[in-house]
Amino acid sequence: MAIWISRSITRIFNHSLQRACPLSLFHQRSSRPFSYFESTKGREQIECPHNYEKDNYHVEINLDENQVLDFPGGKIPFTSQMKFIPESSETRLACYRILDNNGYLIPGSVFEQVSKDLAVKMYRTMVTLQIMDSIFDEAKKQGRLSFYLTTVGEEVINIASAAALTPEDIVLPQYREPGVLLWRGFTLQEFANQLLGNKGDNGKGRQMPIHYGSNKLNYFTVSSTIATQLPQAVGVAYSLKMDKKEACVVTYFGDGTTSEGDFHAALNFAAVLEVPVIFLCRNNGWAISTPVAEQFRSDGIAIKGQGYGVRSIRVDGNDALAVYSAIRSARKMAIKEQRPILVEAMAYRVGDHASSDDSTKYRSMEEIEYRRRRSSVARFRKWIQKNGWWSDEDEFEFRGNIREQVLQAIQAAEEEEKPPLVDLFTDVYDQIPSNLQEQERYIRDAIKRRPKEYPSNIPL
């Protein structure tokens, strides 16, 4: 008679049957591959020292198993004390930092060295991002754009993380990472073209503003839907692993994203599949209008990584050197060890969530101004000026030049014509299906009937 039983279940039986009989037909297997089920048929029968019937149900006890639970995934120690895991640690997870608020290096800091050229380029790009945000946001208020979203307070996360990557690394952004694209070479004109949806736009005017993308720069197109990019990033990272590429994937998201199921699924898949992906969370204190205290009861985001077996770190998102060093190290580990890394960058969102938001409805102006005065960009400027790499004259000249370039870019984008009507139906199917052909005919007939209602700058 064959008795089929799960090996894991037999471990549960061991303690309760120990007094009945210390011997059994179920033996410890150390050299054979693990099998969830096994048959006792044909096994040698062992005499039980007590007067129990040999019924194939007695279990052999290994004394070591009184100390640990041998379970799939690894041995777990036993304890006779009832102790629940606390809901949170009394001590919050430390935040990695290099520069203090005045731009001085903290004594004893461990960080990646940054050259003068790299540091100045990083700062110039931060300033460019600031000016770009200011002018485009003002254009939205003037009615020249339909939508915009700034990165005020989070510029350092954008630029310092981008500087730590290579062009071969693939980026799956949320919607507050234009600085990463700017660092990679996306021009001010390309930004303006996308915002205006003209024929120079990579998306051919079919995406709403700030939904940038660039195949050439390994930057996936922004998606409005929260958290969808996270499991996608795991899939992209898995493809890099299969192809043995010396590159990783970096996906960005905000603290509010961690309330979505995709965040948890992505971390679990990444850990189990052991893929080179960096999850970079911008914990900016607010998910649209919801503060982090109402988003979760855990100590932020980084601590969640441990629950999924993902190596994690919390970093000061206002400290360019800390962000750069953390992402640089995370990239090395992700590629060399083929593992996911979770980085929580702490940086308060100073600006509104988007141009459709008025953040003073859910937080005070005093709070906003308090955070604004601790600008992360200003801190990095203090550091490079202390090194003699930047001056007030450089600042004045550079800001003036960039402002002029951004104004020229948006003016040129406004004068450019829109993509042709046919582009509404291309790039999805190799052969345009009949239903889309019918829709195109319907639109063209409507234009013929009411030509004055059709925009004159869109070619037919």
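Colleague: Is Val 272 buried or exposed, and what is its relative accessible area?
Modeller: A word on the ground rules: this is a predicted model, where local features need pLDDT of at least 70, side-chain atom pairs count only at pLDDT 80 or more, and totals for chains, interfaces and linings use all residues. Residues are numbered from 1 along each chain as its sequence is written, and side-chain values use heavy atoms, with hydrogens and water left out. Buried means under 20% relative accessible area, exposed over 50% and partly exposed in between, with a 1.4 Å probe and protein chains only. Val 272, which lies in helix H7, is therefore exposed, at 60%.

Colleague: Which helix gives the largest share of the nonpolar patch?
Modeller: Tyr 238, Met 242, Phe 269, Val 272 and Leu 273 make a nonpolar surface patch of about 500 Å². The elements giving two or more residues to it are helix H6 (229-242) and helix H7 (261-273); helices here are DSSP runs of H or I with at least four residues, strands are runs of E with at least two, and both are numbered from the N terminus. Patch residues have over 30% relative accessible area and no salt bridge, with like charges joined within 9 Å and nonpolar side chains (Val, Leu, Ile, Met, Phe, Trp, Tyr) within 5 Å. The largest share, three residues, comes from H7.

Colleague: What separates Asp 137 and Lys 141 along helix H2?
Modeller: These two form a salt bridge, with their closest N and O atoms 3.5 Å apart. Asp 137 is buried at 18% relative accessible area, whereas Lys 141 is exposed at 62%. Because they are four residues apart in helix H2, the separation is about one helical turn.

Colleague: How far apart in space are Lys 141 and Ser 356?
Modeller: Lys 141 belongs to helix H2 (residues 116-141). In sequence, Lys 141 and Ser 356 are 215 residues apart, but in space, C-alpha to C-alpha, the distance is 10.0 Å.

Colleague: What is the phi of Asp 427, the salt-bridge partner of Arg 206?
Modeller: Asp 427 and Arg 206 have their closest N and O atoms 2.9 Å apart. The pair links distant parts of the chain, with Arg 206 in the loop between helix H5 (188-196) and H6, and Asp 427 in the loop between helix H13 (392-415) and H14. Most residues other than glycine have a negative phi. Asp 427 has a positive one, near 75 degrees.

Colleague: Where does Ile 288 lie?
Modeller: Ile 288 is another residue other than glycine with a positive phi, near 55 degrees. Its relative accessible area of 45% makes Ile 288 partly exposed. Its place is the loop between strand S8 (286-287) and strand S9 (290-291).

Colleague: Which residue in S4 is the bridge partner of Asp 70?
Modeller: Strand S3 (residues 68-71) and strand S4 (residues 74-77) pair in the antiparallel sense over four bridges, where pairing takes at least two bridges found by DSSP. They form a hairpin with two residues between them, and Gly 73 in the turn has a positive phi of about 110 degrees. The partner of Asp 70 is Lys 75.

Colleague: How wide an arc do the buried residues Leu 436, Glu 440 and Ile 447 cover around the axis of H14?
Modeller: In H14, Leu 436, Glu 440 and Ile 447 are buried, while Ser 434, Tyr 442, Lys 448 and Arg 449 are exposed on the other side.

Note on methods: Areas by Shrake-Rupley, 256 points an atom, 1.4 Å probe, with all protein chains shown as cover. Salt bridge = Lys/Arg side-chain N within 4 Å of Asp/Glu carboxyl O.
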